[in-house]
Amino acid sequence: VLLRKTTAQQAVSVFGYFSNFSPEELAQVDNSELKAVLFPLGMYEIKSHQIRSLAEIVAREGKQNLQDEGFLNRLPGVGRYIRNCVLCFAFGKAKPALDTNMIRVVERVFSFRSKRSRPREDPEFWIFAEELVPINKPR
């Protein structure tokens, strides 16, 4: 959520704020405070709403569900990329984080081309990328 339409360097500047809260605590943070923290990243209205929604759902249904692909798919604003990042980086599951950079590497190194104008939406590209993720060291 923090990385949407901003750089990793900008997101890191506010990540520490959020890492201090449990989902239950984050769901209770005042909305104006969330917006103020998120303001430097842009899209702060959307991001504050999404973060609060995610925190409320996770607080209600439990953090253990974050390991479940189906649960992640039902979360607002979570698509295949975010779902796979959570599964890979938080839980060590072999899932690709198919973003612009990985697409570029796959196209150049493996000469794999998507038939779609937006490769990140191509199911065949995701399947190919999944085969590249090492099972023992997915991160």
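Me: Hi! Is Arg83 buried or exposed?
Reply: Arg83 is buried, at a relative accessible area of 10%. Buried here means under 20% relative accessible area, exposed means over 50%, and partly exposed is in between (1.4 Å probe, protein chains only). A word on the source: this is a predicted model, where local features need pLDDT of at least 70 and side-chain atom pairs count only at pLDDT 80 or more, while totals for chains, interfaces and linings use all residues. Residues are numbered from 1 along each chain as its sequence is written, and side-chain values use heavy atoms, with hydrogens and water left out.

Me: Thanks. Where is Arg83 found?
Reply: Arg83 belongs to helix α6, residues 80-90. Helices are DSSP runs of H or I with at least four residues, strands are E runs of at least two, and both are numbered from the N terminus.

Me: And which residues does Arg83 touch, not counting those up to four places away in sequence?
Reply: Those are Glu69, Leu72, Asn73 and Val78. Contact means heavy atoms within 4.5 Å.

Me: Switching to salt bridges, how many are there?
Reply: The count comes to eight, taking a salt bridge as a side-chain nitrogen of Lys or Arg within 4 Å of a carboxyl oxygen of Asp or Glu.

Me: What does Lys95 meet in a salt bridge?
Reply: Its partner is Glu69, at 3.2 Å from N to O. Lys95 lies in the loop between α6 and α7 (100-110) and Glu69 in helix α5 (residues 69-74), so the pair ties together parts that are 26 residues apart in sequence. Lys95 is buried at 15% relative accessible area, whereas Glu69 is partly exposed at 32%.

Me: What about Glu121, which side chain meets it in a salt bridge?
Reply: That would be Arg118, 3.5 Å away from N to O. Glu121 is partly exposed, with a relative accessible area of 42%, and Arg118 is partly exposed too, with 41%.

Me: Which residues do salt bridges that share partners join into one network?
Reply: Glu69, Arg83, Lys95 and Glu130.

Me: New topic: which residues make the nonpolar surface patch?
Reply: Val105, Val109, Phe110 and Leu132 make a patch of about 350 Å². Patches are made of residues with over 30% relative accessible area and no salt bridge; nonpolar side chains (Val, Leu, Ile, Met, Phe, Trp, Tyr) are joined within 5 Å, and like charges within 9 Å. The areas come from the Shrake-Rupley method with a 1.4 Å probe, and for residues only the protein chains shown count as cover.

Me: Where does the largest share of that patch come from?
Reply: From α7, with three residues. Leu132 is in helix α8, residues 123-132, and is partly exposed at 32% relative accessibility.

Me: At what angle do α7 and α8 pack?
Reply: At about 80 degrees, with their axes 11 Å apart. That makes α7 roughly perpendicular to α8. Angles of 65 to 115 degrees count as roughly perpendicular, under 35 as roughly parallel, over 145 as roughly antiparallel and the rest as oblique. Axes are lines fitted to C-alpha atoms, for helices over the stretch in contact, and angles run from 0 to 180 degrees between N-to-C directions.

Me: Nice. Which residues make the contact?
Reply: On α7 they are Met102, Ile103, Val106, Glu107 and Phe110, and on α8 they are Phe125, Phe128, Ala129 and Leu132.

Me: Last one: where is Phe21?
Reply: Phe21 sits in the loop between α1 (8-19) and α2 (23-26), and is partly exposed at 28% relative accessibility. Leaving aside neighbours within four places in sequence, Phe21 is in contact with Leu26 and Val29.
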